[in-house]
Amino acid sequence: MDSPAIRDSTILVTGGAGFIGSHLVEALVPHNEVRVLDDFTTGDRDYLPDDVTVIEGDVRDPIALQEAARGVDVIFHHAALVSVTQSVDDPRQSNRTNLEAGLLVLEQARQEDARVVVASSAAVYGHPEELPVPETAPTNPTSPYGVQKLALDQYARLYEELYGLETVALRYFNVYGPRQQGPYSGVISTFLEQARAGEPITIEGDGQQSRDFVHVSDVVRANLRAATTDAVGEAYNIGTGQRTTILDLAETVRDATDSASTIAHRDPRSGDIRHSGADTSKASRDLGFDANVGLESGIRSLVGSGRPELAETETGAPLEPNRGGGSYS
Ligand code: UD1
């Protein structure tokens, strides 16, 4: 099933200056009026195109949110505290941002009768009992972050059921791409940094654990589909359906960077999930979403100036290289 591109709409992206949010904003801007609500603690103004209305504020602040959401047709809710470790250290703090603010967004959307696309996570599954994991699998999060994302994901469904609000939850697997940086930036950006510096690539544990790595341009495409689908009130896995071991990833990064780095092992991360991989058949069937970017191509595009392999764009935007080096086909 194919959904039309979103056009001529007024759109709010919370966390729009962050890693995923800023790529989404770039894809939306050519054909829509786009607002960004961001407090710039991790987001960056340089990621934002000029023709975006920026509301600098905290998503937990009802006044800022009300101002940002006035008259919008769609809200993409990407503001979050993404560090699982931080959520373990201070569950109440991350709960305020990840859950309470999410509920505020849903309430505000009710006022405006706006569609909401929420960023959920594979963290809702905890240790999956079957692989690839379908959306119907048991949800047993292993961190406060996962509990918060699960509650938000469930609230989104419930708001559709109770109030008829159009909501979609996207359960992201391991997202990577340009602009992913900072202390909690994910294994691919860590390995790339190590390989570029010629330092040992540090694998936690034996490296046989596996993940489903999905490029941010595919995640943007999933968001665009979610904005127009008729299949609302649902949660969708957003991944590639392919699992890669961390050891294979280390070797791929080393090859792509032509690095002389060695591969070193250190202690496994406590509570690490052994395997994670998405069953993407629901997103494929109901959203018409299938990932386009393979891991090797995605990593090579991060290393060089090239972009991952692309199909036609859904926003109608020309496929020009953007400042982040990614693309939104
Ligand atoms: C990821 C998400 C998280 C989400 C979870 C859902 C990121 C950054 N985090 O966590 O938001 O809740 O999926 O399942 O995408 N590793 C190394 N060496 C390193 C860094 C990591 O070996 O230097 C290993 C880790 O031990 C882990 C794997 O790489 O086994 C992936 O780690 P990471 O990128 O932090 O993501 P997840 O823990 O899967």
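By class, the shell around the ligand consists of 9 nonpolar, 6 polar and 5 charged residues. In this count, Ala, Val, Leu, Ile, Met, Phe, Trp, Tyr, Cys and Pro are nonpolar, Asp, Glu, Lys and Arg are charged, and the others, Gly among them, are polar. The structure is a predicted model, in which local features need pLDDT of at least 70 and side-chain atom pairs count only at pLDDT 80 or more, while totals for chains, interfaces and linings use all residues. Residues are numbered from 1 along each chain as its sequence is written, and side-chain values use heavy atoms, with hydrogens and water left out.

The ligand is surrounded by 20 residues, and the closest are Val187, Thr202, Glu204, Arg211 and Asp272; a residue is near a molecule if one of its heavy atoms lies within 4 Å of it.

| Side chain | Distance to an oxygen atom of the ligand |
|---|---|
| Ser121 | 3.3 Å |
| Arg269 | 3.0 Å |
| Asp272 | 2.7 Å |

On its own, the ligand has 740 Å² of accessible area, of which the protein covers 90%; such areas come from the Shrake-Rupley method with a 1.4 Å probe. Two or more residues of the shell come from each of the elements α6 (187–197) and β8 (201–204). Helices (H or I, at least four residues) and strands (E, at least two) are DSSP runs, numbered from the N terminus.

The protein is divided into domain 1 (10–173 + 216–238) and domain 2 (174–213 + 242–276 + 293–316), with bounds from an automatic or database domain assignment. Because both domain 1 and domain 2 give residues to the shell, the ligand lies between them.

Taken over C-alpha atoms, the centres of domain 1 and domain 2 are separated by 24 Å. Their contact takes 26 residues from domain 1 and 22 residues from domain 2, where contact means heavy atoms within 4.5 Å. The two domains bury about 2000 Å² between them, 57% of it on carbon and sulfur atoms. Buried area is the accessible area (1.4 Å probe) that two parts lose on being put together, summed over both. In domain 1, the residues that lose the most area to domain 2 are Phe19, Tyr47 and Phe173, together 30% of what that side buries.

Two backbone features remain. Leu131 and Pro132 are joined by a cis peptide bond, with omega about -10 degrees; Pro132 lies in the loop between β5 (115–121) and α5 (144–163). Phe40, in the loop between β2 (33–38) and β3 (53–56), has a positive phi of about 60 degrees although it is not a glycine.

How values were computed:
Polar contact = N/O pair within 3.5 Å; in protein donor to acceptor, adjacent residues only side chain to side chain.
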